[in-house]
Amino acid sequence: MSNSFPIHRINTFFETYAKALELYDTKGMAFLYNVPCTMVSDDNTTSFNDFGKLEGFFNTGASFYRQFGIAHVRPEVWSHRSLTSRIINVKVNWYYQDVFKNPIYSCEYHYVLELDN
C-alpha cells in the first residue's frame, strides 16, 4: 500500500505529543490515544481500557523525565507506511534533552495510528 497518509498530519501529531511530554501533561498525552490500546515491548504487554489508567501509566514516565532533567523532546518521523486508507505504521526516533538542549538520551518507537478528525 502507498504512503498516502499526509506527512504534515503525522508530524503535527507527534509535535503535539512532544509538547505534552515537555509539559508533563499526562492527561494531554492520554487524550492522544484511542482506548482501548496496547503498549508492547520485549519485556511487557500492557492493555489500557480507560483513560485514567493510561494517564497513570504516563505519570510514571513523567516522574522519570523530571528525575533525569528532561526539558526538551524532539520527535523525528523516520518512516511511515500506510496499512489501510485510515491506518498507518510510523517509526519515530525520540530525542530527549536537558534545559540547555544537551542530549540526555534517544530511543525509537513504533506506532500504529488511525486517521480521524
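Helices and strands here are DSSP runs, numbered from the N terminus. The model is a predicted one. Keep it open and follow the stops below.

**Stop 1: the three-stranded sheet**

Select S3, S4 and S5. These 3 strands make an open sheet in the order S3-S4-S5, with antiparallel pairing. Strand S3 (72-82) and S5 are at the edges, and each has a single partner strand, so one side of each lacks a neighbour in the sheet. From one strand to the next, the twist averages 20°.

Now take the pairs in turn. S3 and S4 pair over 10 bridges, in the antiparallel sense. Pick proline 75, then look across: tryptophan 94 in S4 stands opposite.

**Stop 2**

Hide the rest and keep strand S4 (residues 87-97) and strand S5 (residues 103-114). The two are antiparallel and pair over 11 bridges. Click isoleucine 88; its bridge partner in S5 is leucine 113.

Move to the turn. S4 and S5 form a hairpin with 5 residues between them. Select lysine 101, in the loop between S4 and S5. Lysine 101 has a positive phi of about 65°, although it is not a glycine. Most residues other than glycine have a negative phi. Is lysine 101 buried or exposed? Lysine 101 is exposed, with a relative accessible area of 51%.

**Stop 3: inside helix H1**

Select isoleucine 10, which lies in helix H1. Isoleucine 10 is buried: its relative accessible area is 1%, and the cut-off for buried is under 20%. Isoleucine 10 and serine 79 are 69 residues apart in sequence. In space they are 10 Å apart, C-alpha to C-alpha.

**Stop 4**

Go to the loop between H1 and H2 and pick tyrosine 24. Tyrosine 24 is not a glycine, yet it has a positive phi of about 55°. Tyrosine 24 is partly exposed, with a relative accessible area of 22%.

Next, select proline 36, in the loop between H2 and S1. The peptide bond from valine 35 to proline 36 is cis, with omega near 10°. Most peptide bonds are trans.

**Stop 5: the S1-S2 hairpin**

Show S1 and S2. A hairpin joins S1 to S2 through 4 residues. The two strands pair in the antiparallel sense over 4 bridges. Methionine 39 has threonine 46 in S2 as its bridge partner.

**Stop 6: the largest pocket**

Finish with a surface view. Rolling a probe the size of a water molecule over the atoms shows where empty space is left. The largest pocket has a volume of about 1,300 Å³. Which of its 41 lining residues are the closest to its centre? Select Phe13, Tyr17, Tyr33, Met39 and Tyr111 to see them.

Colour the lining by class. The lining of the largest pocket has 27 nonpolar, 11 polar and 3 charged residues. Then colour by element. Helix H1 (7-22), helix H2 (26-31), strand S1 (37-40), strand S2 (45-48), helix H3 (51-67), S4 and S5 each supply at least two residues of this lining.

Methods:
Residues are numbered from 1 along each chain as its sequence is written. This is a predicted model: local features need pLDDT of at least 70, side-chain atom pairs count only at pLDDT 80 or more; totals for chains, interfaces and linings use all residues. Side-chain values use heavy atoms; hydrogens and water are left out. Two strands pair if DSSP finds at least two bridges between them. On a 1 Å grid over the protein atoms alone, a cavity is a set of points where a 1.4 Å probe fits but cannot get out, and a pocket is an open set with protein on both sides within 12 Å along at least five of seven lines; lining residues have an atom within 4 Å of a point. Grid points are joined across faces, edges and corners, and a volume is the space filled by probe spheres set on the points. Ala, Val, Leu, Ile, Met, Phe, Trp, Tyr, Cys and Pro count as nonpolar, Asp, Glu, Lys and Arg as charged, and the others, Gly among them, as polar. Axes are lines fitted to C-alpha atoms, for helices over the stretch in contact, and angles run from 0 to 180 degrees between N-to-C directions. Buried means under 20% relative accessible area, exposed over 50%, partly exposed in between (1.4 Å probe, protein chains only).
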